Amino acid sequence: MASTEDSSAMDDSHEQSNFGKFKIFIADQLTETMVTELATLFGYSRRSIDELQRLNNQGTGLAMVQKMEESGKISATDISPLLDVLRQREYDGVVKKLQNYASSARPGKHPGYCRFQCDLAAALTHDIIVELATLFGYSRGILDDLDRTEKGVGRKMVNCMDERGDISDTSIDPLLEKLRQQEYSGVADEVQRSFEENMSTTSIKYSGKTGSFVENLKKGYKRMTDSVRPIPFQQSCRSVESIFVESHVEKMEEKTSESEPEIWKKMEFTDDIVADPADRIMLEGDPGYGKSTLMLHLVHKWCTSPLPFFSVLILLRLREVGNLNFFEAIQQCILPKESSMSAREIQEILTSEDCKRILIILEGYDEFDGSDSSDIISLISSSMFPSVKVIITTRPEGLPKYLVRSSFSRLRLKGFDESTQREYIQKVITENEDAISSLIDIFKNNTLLCDICQTPLFFALFAHLLHTEPNLQFLQSVTMYLGYLVKCFFGHQLSKSELPSKQITQQDHERFSLQIGRLAFEGLKSGKKKLEWDADDLKAAVASECYELFTRVGILLEEAQSEPTTMDRFGYCTGTVSKFKTKFFHKTFQEYYAALYVLQQFEEQSSKSLVALLKGFSSSELNFLFLFTCGLDSSLASCVIPYFEEHYDDTKLLYLCLLETNMAHGKVPAVTASVKKLCEQFVMVDRSDNALLQRAKVNVLSIAHTEEIPIYKLVILEPSLCAAADFSSLILSSGLSVPSLSSVTKVVLVMNGRELKLDEWMAILAYSVSYPTMRKLKLSDCLLPHSTPVGSLQKSIKGVMVLWRPLTLRTYCLNANSGRWQYRYDSSELTEGNYRDLVAAYRHYRSYTW
């Protein structure tokens with residue numbers, strides 16, 4: 001069903017001229033591939049599709065828009081059929097752009113309305129919701145659904161009231177009337193206050209110290225938001241808004257028990273993060289996924305929006321904080337150096353009545369090196385500012401489990417898809433459509449690079465590089481590609497640098513890299529986490545030519561920071577001095593150079609030194625350090641992999657290390673031994689895995705097949721799974737193929753609401769039961785045909801238990817003789833009538849759970 005936002009995407013009052021502009025905008029978003037997919041899904045004739053394919057790129061989009069208008073798929077008042085199909089094909093980036101354009105072209109909802117809705121959802125109890133739904137005259141189906149719902153019932157009720165006009169961004173009078181009618185005056189007053197605060201038509205104004213504090217914050221943030229460099233060697237900085245594009249953010253649904261699987265749902269817009277009702281929000285993202293850029297975007301929105309959700313926003317980069325207390329950190333890490341405001345004054349302001357809505361962002365917990373008794377830990381654990389909203393960003397599983405509460409809201413970044421990549425290129429690099437398509441084609445033609453560039457950091461680096469140097473080498477591993485990037489950065493800068501490049505030999509560069517590598521490694525040591533240095537100390541630790549070279553190239557960055565000089569009698573800092581600090585362009589580069597140092601030490605001191613070198617490192621905080629050590633040298637990888645297995649419980653990173661080793665060095669005995677151990681448990685391929693991790697898991701399956709390693713169980717969570725035409729493999733939605741599984745004994749396919757047609761089911765069945773080792777095939781969370789014409793498969797099926805579990809209560813077993821489903825535990829057959837009831841119940845269940 002189309003959402004209210006979709007169906008009203010273009011307001012009735014829009015003139016045809018506005019719709020004409022919107023149609024041109026739609027055409028600009030449609031690639032040739034998308035046009036062909038849309039035309040097929042809309043059921044256009046073969047002749048129409050051929051005509052569309054014969055046109056050039058721009059003409060194809062315009063012709064498709066005209067065709068959609070003629071067939072009623074888009075109109076001046078409704079584009080929901082188009083949006084529905086785009087979502088079906090997972091072109092979420094295009095959907096967001098169309099919605100944004102449509103929203104900007106008509107009167108939009110007040111920016112505080114989303115926050116009010118969250119407050120309202122939190123204020124409504126289950127009993128109040130049922131009473132309100134009855135008074136508003138909602139249907140019996142809606143009433144029953146609300147009564148059954150335990151998680152998220154408040155938000156569901158708010159959506160119902162919004163869709164039916166019982167609340168809006170201009171009036172909530174019908175709701176207030178019903179609340180007071182039922183004698184919920186306290187709740188009505190609370191709701192009314194929230195509405196008035198969030199929907200205020202005047203900007204928040206401050207006076208005295210609070211006003212001065214806010215102005216100082218904005219000055220400090222302007223320095224941050226205007227000093228972004230997308231590539232190291234770029235001398236000029238850019239504003240965060242000139243490079244920011246919306247990436248996918250997912251939210252984990254609330255779990256009722258630890259045994260429940262994690263369920264993640266996409267958020268519509270990244271700005272909705274601040275509207276989350278939870279007081280503590282943990283935003284996870286793999287290295288380079290854009291956590292820092294997203295937080296700077298939120299800061300920019302707060303600084304420039306006339307109607308901010310929060311009166312005060314504090315962004316602390318935790319690598320800069322150390323053991324400073326919270327208020328000193330604000331003074332030294334955010335406020336401009338000309339500010340005379342003391343840490344004690346900041347504490348008085350933030351704890352005063354003037355500051356009601358405060359948002360605190362703790363950016364980069366995985367880079368925090370303070371003590372467990374610091375204010376940062378107190379903020380995360382809610383011991384400090386318990387009712388203030390705090391966002392913590394970190395690498396996956398970077399936050400210690402003892403700090404994570406069940407009340408935390410967990411979000412994660414998912415990286416760039418093709419539509420987001422196009423948007424970035426168009427916004428930051430070039431608006432030329434041919435140049436954009438050429439860049440995208442380079443990524444598409446190199447599958448490994450395409451997977452790597454799902455990571456925004458790598459995509460931005462390669463996109464900028466390839467725009468000027470399109471002759472890309474085809475390489476075999478992540479380590480090789482990062483090494484190639486570094487080589488290009490040095491080559492680019494030295495070609496135009498004032499440095500006497502002819503005097504810097506390859507031997508010099510290798511010597512300099514090891515000097516930097518030693519410092520990088522020592523900075524990453526557990527307990528130190530030194531991610532920046534005093535510039536003078538670093539200059540003294542390496543050759544002057546080395547420091548100058550790495551800062552000119554941009555691998556190392558210098559920036560001014562404040563340090564305390566004097567303290568008052570209460571222990572608060574009263575004076576500061578500006579000092580230059582040096583850090584790596586990104587922590588990933590620090591891990592790369594640290595890995596070079598590990599390799600050098602390994603070559604000089606053999607494997608015995610490796611245990612001492614790597615002892616105490618956190619795998620969740622240093623993913624790339626382990627990955628790069630495996631990619632640099634096969635002998636080093638042969639020692640790192642067993643060490644990693646013994647000391648770490650991080651299967652995800654192990655998969656990636658095995659892939660890196662296999663791609664960089666070919667067959668390595670340590671990899672084969674590790675694959676045997678993995679296959680003794682089970683291998684799970686999840687659609688939510690990023691592209692590189694999914695490739696790593698398929699790599700393990702391929703090695704198992706080649707080496708004839710038994711696979712105890714394979715679990716695939718993939719709704720779009722299908723079998724190849726020759727039944728030789730299973731095709732994932734990413735395009736990767738699960739190879740022939742001649743050694744697997746159990747396969748579990750979780751289809752996430754898929755309704756399989758007979759031919760689709762027969763193809764998967766034929767693939768799965770064709771191997772002599774197969775003993776059990778189970779399909780979950782899907783609909784299968786009522787009967788299966790087993791035919792030639794009958795003999796194979798007799799040796800395999802084929803199970804189907806559409807809902808959580810019953811499991812059915814396929815009768816190999818009749819091709820009918822039977823209840824597993826009493827062999828009673830699933831009749832046609834019962835099957836129809838099951839299908840209806842399943843569709844009802846799916847419509848309310850997803």
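Modeller: Here is the sheet, then a helix and another sheet. This is a predicted model, where local features need pLDDT of at least 70, side-chain atom pairs count only at pLDDT 80 or more, and totals for chains, interfaces and linings use all residues. Residues are numbered from 1 along each chain as its sequence is written, and side-chain values use heavy atoms, with hydrogens and water left out.

Your sheet is open, with 7 strands in the order β2-β1-β7-β3-β6-β5-β4 and mixed pairing. Strands here are DSSP runs of E, at least two residues long, and helices are runs of H or I, at least four, numbered from the N terminus; two strands pair if DSSP finds at least two bridges between them. At the edges sit β2 (264–266) and β4 (312–317), each pairing on one side only. From one strand to the next, the twist averages 20° (axes are lines fitted to C-alpha atoms, angles run from 0 to 180 degrees between N-to-C directions). Zooming in on β4, 6 bridges tie it to β5 (residues 358–363), and the two run parallel. Leu-315, for instance, has Ile-361 in β5 as its bridge partner.

As for the helix, α27 (residues 587–605) is mostly covered, with 16 of its 19 residues buried, meaning under 20% relative accessible area with a 1.4 Å probe, protein chains only.

The other sheet is open and antiparallel, with 3 strands ordered β13-β14-β15. Its edge strands are β13 (722–723) and β15 (737–738). There, 2 bridges join β13 to β14 (residues 730–731), and Ala-723 has Leu-730 as its bridge partner.

Notes. Buried < 20%, exposed > 50% of the residue type's maximum accessible area, 1.4 Å probe, protein only.
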